[in-house]
Amino acid sequence: HRQWDGQPISLPNGNLTLDPAEMPGLQRVAALKDTIITASGDTLLGADDKSGVALLFAVARRLLRLSPEERGATVELVFNTDEEIGLISASKLE
């Protein structure tokens, strides 16, 4: 949800609504007018996945503010799947 304005988010599955009025943590996020990542509501998308993605985006945002000289190196951020079942997609990285 890009530039989320703090309105309740009804997830497409699972009969779940994320409402900042009922969730103080979401109120802080809503004040940022930033992007919020949600699942469909019928999965067990874990906090580890969301926090990992959020962390990589925060790092990327900070690095993009630096000049190439300040960064000092080329940086690649990689997202992969299936780490829980034997690092299947990670094994494809060089």
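I am working on a predicted model, where local features need pLDDT of at least 70, side-chain atom pairs count only at pLDDT 80 or more, and totals for chains, interfaces and linings use all residues. Residues are numbered from 1 along each chain as its sequence is written, and side-chain values use heavy atoms, with hydrogens and water left out.

I noted the terms for the pocket. A pocket is an open set of points on a 1 Å grid over the protein atoms alone, where a 1.4 Å probe fits, with protein on both sides within 12 Å along at least five of seven lines; lining residues have an atom within 4 Å of a point.

The largest pocket holds about 400 Å³ of space. It is lined by 14 residues, and Asp34, Thr35, Ile36, Ile37 and Ala54 are the closest to its centre. Helix 1 (24-30) and helix 2 (47-64) are the elements that give two or more residues to this lining. I sorted the lining into nine nonpolar, one polar and four charged residues.

I then listed the elements of the chain: three helices and two strands, in the order β-β-α-α-α from the N terminus. Helices (H or I, at least four residues) and strands (E, at least two) are DSSP runs.

Of the 94 residues, 14% count as buried. Buried means under 20% relative accessible area, exposed over 50%, and partly exposed in between, with a 1.4 Å probe and protein chains only.

I checked valine 75, in the segment after helix 3 (68-71). Valine 75 has a relative accessible area of 45%, so it is partly exposed.

Last, I looked at glutamine 3, in the segment before strand 1 (9-10). Its phi is near 45 degrees, a positive value in a residue other than glycine. Most residues other than glycine have a negative phi. Glutamine 3 counts as exposed because its relative accessibility is 64%.

How values were computed. Points joined across faces, edges and corners; volume = space filled by probe spheres on them. Nonpolar A, V, L, I, M, F, W, Y, C, P; charged D, E, K, R; others polar.
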